[in-house]
Amino acid sequence: FLFCSSSQQIQFADQKQEFNKRPSKIGRRSLSRSISQSSTDSYSSAASYTDSSDDETSPREKQQKNSKGNGDFCIKNIKQADFGRREIEIAEQEMPALMALRKRAQGEKPLAGAKIVGCTHITAQTAVLMETLSALGAQCRWAACNIYSTQNEVAAALAEGGEAHVFAWKGESEDDFWWCIDRCVNVEGWQPNMILDDGGDLTHWIYKKYPSMFKKIKGIVEESVTGVHRLYQLSKAGKLCVPAMNVNDSVTKQKFDNLYCCRESILDGLKRTTDVMFGGKQVVVCGYGEVGKGCCAALKAMGSIVYVTEIDPICALQACMDGFRLVKLNEVIRQVDIVITCTGNKNVVVRENLDRMKNGCIVCNMGHSNTEIDVASLRTPELTWERVRSQVDHVIWPDGKRIVLLAEGRLLNLSCSTVPTFVLSITATTQALALIELYNAPEGRYKQDVYLLPKKMDEYVASLHLPTFDAHLTELTDEQAKYLGLNKNGPFKPNYYR
């Protein structure tokens, strides 16, 4: 099969961190959560057709069936399926690679026999991924990776179509969140043999509750930086018992999802929530990784005066060479109009910084976790919270000063706007190929460790998207290929290239 013929050993990434957990009492039971809190790190896309407040009855208390009489799902309202199907059809038009993969590979069914349990955002775009996996032969059960990201009408369309058994709705409690994951995993007569995760919560739950399941699981595909960190921590501790594919650090994820996606969605999120004019505004962007680069480029193009904070001298030098002034946050905190965090770290903006901000300063986060802004420090008796509109709060100090906090410090683009479908096509295709690779890999190719996606697959994902632009690749001659020491058909970059 074309997509899983890599025989080259994939290099390991160096990034490793200590694996920390903290206990948290949730609802009717006490559960252990990873410190990232990825399930509550972002709200849903603002584009969802329905709001979770439309019907206050918990989906767990409803008995619903689709038109085929199947009730193996738990969603808000199955009657919304027609609306969700229209959204999925629109998304398909902007996801050419997944549609091409579905067309090329469904005859061979490379995922026949695969039982995939997934935990990602459930949106029109991820629905296209789920239905593609089903078309390639997989059985799928799915939960949402955070409690606010589900588009209820899309979940209904998936439940009606039957391509994936979905357990998710917008506005879950944390107890609901873990219940949904458990319903996906703990099924009589069905056991997963592949995991697709976004944030690591699904993997964490199986390790905690059903460790024996890993005897039949062939591999894990992880999409987020938070989840990848968890996997490296497990690997370092010797507790990773199956191969795992890190698609977060693939070029098609880093460059396109993180950089190009954020370059567009940062402006969209800020404009929808605050109607702010960017020209002349002073903005500090904390972090100059791929997300930070995208944010800075967009704001600079709109006429903003952009400062950057950074801990890494290489990224710092890149910021300087791109024309941004590198500062420490406390040097500019009194004068900036907008503060944006995108580091993936915790306590980047703390109460001391928040106290010193000017009146009307907009504070938001573009990183995966809601740990970057110390929002908890603002929930004190002397400060007043005032809801302005959905995802927008004024936090008011005793002297009358107020800041504008967006999405309570959660992920701005998924909370307050949308992300470009075309970019998600690139990410979803990468995930699909990683699942195909791990599922079909011969025994011994991958050990119990974390691997990077082979560059051949990265390049294949990119090539599937080129026809959209009527783009024509130049081909190497035999002489040129020999001179460079490359195969004419690639890969053209080493595995360590990012």
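Angles of 65 to 115 degrees count as roughly perpendicular. I jot that down first, and also that this is a predicted model.

**Entry 1: helices α2 and α15**

I started with α2 (residues 96–105) and α15 (residues 455–465). Their axes come within 8 Å and cross at roughly 105°. So I file α2 and α15 as roughly perpendicular to each other. Next I looked up who makes the contact: Pro-96, Ala-97, Ala-100 and Arg-104 on the α2 side, with Tyr-460, Leu-464 and His-465 on the α15 side. By class, the residues of this contact split into 5 nonpolar, 1 polar and 1 charged.

Which residues of α2 are buried? I get Ala-97, Leu-98, Ala-100, Leu-101, Arg-102 and Ala-105. The cover over the buried residues of α2 includes α1, α3, α14 and α15.

**Entry 2: the parallel sheet**

On to the strands. I traced an open sheet of 7 strands in the order β5-β4-β3-β6-β7-β8-β17, with parallel pairing. Its edge strands are β5 (165–167) and β17 (450–452), each of which pairs on one side only. Ignoring direction, neighbouring strands here are turned by 20° against each other on average.

I zoomed in on β6 and β7 (residues 219–222), which pair in the parallel sense over 4 bridges. I looked up Ile-195 and found Ile-220 of β7 as its bridge partner. Helix α3 also belongs in this entry: it lies across β3 (115–120), β4 and β6, running at about 160° to β4.

**Entry 3: the mixed sheet**

Another open sheet has 8 strands, ordered β11-β10-β9-β12-β13-β16-β15-β14, and here the pairing is mixed. Which strands sit at the edges? They are β11 (325–326) and β14 (384–389), each pairing on one side only.

One pair I checked is β13 (residues 362–365) with β16 (residues 402–406): the two run parallel and are joined by 2 bridges. Ile-362 has Val-404 of β16 as its bridge partner.

**Entry 4: strand β9**

Why do I call β9 largely enclosed by the rest of the structure? Because 5 of the 5 residues of β9 are buried. My cut-off for buried is under 20% relative accessible area.

In a regular strand, side chains alternate between the two faces of the sheet. I went through β9 by direction: Gln-282, Val-284 and Cys-286 point one way, Val-283 and Val-285 the other way, and all are buried. Strand β9 pairs with β10 (residues 305–309) in the parallel sense over 5 bridges. Val-285, for one, has Val-308 of β10 as its bridge partner.

Technical notes
Residues are numbered from 1 along each chain as its sequence is written. This is a predicted model: local features need pLDDT of at least 70, side-chain atom pairs count only at pLDDT 80 or more; totals for chains, interfaces and linings use all residues. Side-chain values use heavy atoms; hydrogens and water are left out. Axes are lines fitted to C-alpha atoms, for helices over the stretch in contact, and angles run from 0 to 180 degrees between N-to-C directions. Angles under 35 degrees count as roughly parallel, over 145 as roughly antiparallel, 65 to 115 as roughly perpendicular and the rest as oblique. Contact means heavy atoms within 4.5 Å. Ala, Val, Leu, Ile, Met, Phe, Trp, Tyr, Cys and Pro count as nonpolar, Asp, Glu, Lys and Arg as charged, and the others, Gly among them, as polar. Two strands pair if DSSP finds at least two bridges between them. Buried means under 20% relative accessible area, exposed over 50%, partly exposed in between (1.4 Å probe, protein chains only).
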